[in-house]
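Student: I'd like to go through this one with you. Can you put it up?

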2 protein chains.
Amino acid sequence: MPVIAVDLGGTKISAALVADDGALLAREHALLAGRGGDDVASLVADACAALVTEARTARVEVPASIGVAVPGIARAARGTVWAPNIPGWDDYPLRDALHDALGDDMRVVIDSDRAACILGETWRGAAAGARDAVFLAVGTGIGAGILVDGRILRGHADIAGAIGWLALGRPYDARWSSTGCFEYHASGPGLVAVARDLVAATPAYRGELRDLAGDVTTAGVLDAAARGDDIAVRVVDQAIELWGMATANLVSLFNPETIVFGGGVFGPALRFLDRIADEARRWAQPIAMREVTLVPSALGGDAALVGAARLAMDAEDSA
Amino acid sequence: MPVIAVDLGGTKISAALVADDGALLAREHALLAGRGGDDVASLVADACAALVTEARTARVEVPASIGVAVPGIARAARGTVWAPNIPGWDDYPLRDALHDALGDDMRVVIDSDRAACILGETWRGAAAGARDAVFLAVGTGIGAGILVDGRILRGHADIAGAIGWLALGRPYDARWSSTGCFEYHASGPGLVAVARDLVAATPAYRGELRDLAGDVTTAGVLDAAARGDDIAVRVVDQAIELWGMATANLVSLFNPETIVFGGGVFGPALRFLDRIADEARRWAQPIAMREVTLVPSALGGDAALVGAARLAMDAEDSA
């Protein structure tokens, strides 16, 4: 039976009617446009209702389950969501709101976008069939979706996988207090901030990033490094070292068979995947390092959507 | 029904007849005395046979299951063991050997000592009842036993939890290649090595570690730090920083409810547990840090033995 999958981002909603084999039969999109609270839940419910109608029109079985990936923490037991980028979603009762809008017969399963990404990639993506795998998402922030023996690692309070907080270098620096050490230096905005700091500290520098100072982007830094700009090269060298150390720590602790690199930065930083592997190899438990494969996301922007479908199907299978 | 538990160490065997409630009804001990290969398996089998006899003599139910904790990697599917400190145990078929000695009716379950320690502590020790918990063992080496939603984290090749390999500081140093960065500096021998290096690099140093240079122990360094010796204080300050960073990384990645500190160094380093918690608090994801409790092992040297009993009972429950 097809299910409805929803990928709720910080700025937009992507939803789809998904067949048993993972095929996307129909899609819906909506922009949050600054909305918060119940208005966002209504947008989600509208997208789901539209997909139910499309299923009826197309004469496929009408879905009875919805999987939702959210940009924050999903409290699995209560069906509530903490999403820092959606106003009013400190502990928002999304499951109840969707039941109110769509009926109690509709099964609703909610999980974090990083959990959904690794479910998607192990079902229909770059880690297909893996039972021990990690999705490392590097974009505006850094997070990890972690699969342990086929099950999502949630932790005691549903916030496992906060890999942006990895401690990777002494001594502690107070600038890291709101993002964590790893994310501060190696997220998309982190690379730009490191570049700005280096430009400011290098008066003799006459390279291309100097002119871009006001609006340099992560891709701009990565491209400048490819052209040999010396500050951009230093920024990227440090990022590769940190991405490699974080990869090594995942390998030593989890002994996964696959680590999938995704998020907006992977993307353009995928050209460095071999160098990240070389760096990880220096640090990681050597037997575990030989067991792991590092791969780019195969589903790209649809990873969380495909994983949300898998969430819904898993709930049906276990019901 | 009682079970037999075996804690196979690198130098000795500790075995016990264990009741349903975790009580140790009878114990057996043996020294490996340099033995390897089949001889070690025979020692284990002899200890088990003696405990079966003791059960008969005491007129308690005769055990039908054995749980064995081993100092290395237990390949769960095949029942073989890699144990670097036991000659000839590169991939030793321990389960088959015990079946040969004790009969195929005896159920045999084998796991690593770090897995057994966290099972013991969550069953009858410092983390009783926890489903997401970590046993951080700091002794000659450093390892972690990790429980995720009530199940042991094994990884793809049964070597998860190799936390001694954590990457905690750039740039990479080739001295770490056989132990990992964290273990090199913060294991028992690591503390001594760091102290020796500092003494050698400080010609003006006249403190107590100078006289001990040849045979300084981990406990000696910790005690000297408590007396204010300046090199010992520097060694301990660095170790606390590294233990705190590793603790923070466990908290951010696993979101556990309890981390149990054990092994030979905790032990004497438990006096620093508050300082380790303060250090971890600077680095870790803050919500996850508030959820975790850091505690000393309650079972001490019996943690792996009690956990081995739990292993055997869990196998009976699921049979």
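Student: How many bridges join S4(B) to strand S7 of chain B?

Tutor: 6 bridges join S4(B) to S7(B), residues 107-112, and the two run parallel. Strands pair if DSSP finds at least two bridges between them. Helices (H or I, at least four residues) and strands (E, at least two) are DSSP runs, numbered from the N terminus.

Student: What should I know about the model and the numbering?

Tutor: This is a predicted model: local features need pLDDT of at least 70, side-chain atom pairs count only at pLDDT 80 or more, and totals for chains, interfaces and linings use all residues. Residues are numbered from 1 along each chain as its sequence is written, while chains are lettered from A and ligands numbered from 1 in the order in which they are written.

Student: Is S4(B) buried or exposed?

Tutor: Mostly covered: 6 of its 6 residues, 65-70, are buried. Buried means 20 or more other C-beta atoms within 10 Å of the residue's own, exposed means 12 or fewer, and partly exposed is in between, with C-beta atoms placed from the backbone.

Student: New topic, helices. At what angle do H1 and H2 of chain B pack?

Tutor: About 50 degrees, with the axes 10 Å apart. H1(B) is residues 37-57 and H2(B) is residues 94-102. Axes are lines fitted to C-alpha atoms, for helices over the stretch in contact, and angles run from 0 to 180 degrees between N-to-C directions.

Student: What do you call that arrangement of H1(B) and H2(B)?

Tutor: H1(B) and H2(B) are therefore oblique to each other. Under 35 degrees counts as roughly parallel, over 145 as roughly antiparallel, 65 to 115 as roughly perpendicular, and the rest as oblique.

Student: Which residues of H1(B) and H2(B) make the contact?

Tutor: H1(B) gives B:Asp38, B:Ala41, B:Val44, B:Ala45, B:Cys48 and B:Ala49. H2(B) gives B:Leu94, B:Ala97, B:Leu98, B:Ala101 and B:Leu102. Contact means C-beta atoms, placed from the backbone, within 7 Å. By class, that is 10 nonpolar, no polar and 1 charged residues. Ala, Val, Leu, Ile, Met, Phe, Trp, Tyr, Cys and Pro count as nonpolar, Asp, Glu, Lys and Arg as charged, and the others, Gly among them, as polar.

Student: Now the two chains. How many residues of chain A are in contact with chain B?

Tutor: 39 residues of chain A, in contact with 39 of chain B. On the chain A side, H8 (230-254), H9 (273-283) and H10 (286-291) each supply at least two residues. H8(A) has the largest share, 7 residues. The chain A side divides into 22 nonpolar, 9 polar and 8 charged.

Student: Why does B:Arg59 count as exposed, and why does B:Asn255 count as buried?

Tutor: B:Arg59 is exposed because it has 7 C-beta neighbours inside 10 Å. B:Asn255 is buried because it has 25.

Student: Which residues does a cis peptide bond join in chain A?

Tutor: A:Phe266 and A:Gly267, with omega about -20 degrees. A:Gly267 is in the loop between S11 and H9 of chain A. In chain B, a cis bond joins B:Arg170 and B:Pro171, with omega about -10 degrees.

Student: Last one. What is the strand order in the open sheet of chain A?

Tutor: S10-S9-S8-S11-S12, 5 strands with mixed pairing. S10(A) and S12(A) are at the edges, each with a single partner strand, so one side of each has no neighbour in the sheet. S11(A) and S12(A) pair in the parallel sense over 4 bridges.

Methods
Two residues are in contact if their C-beta atoms, placed from the backbone, lie within 7 Å.
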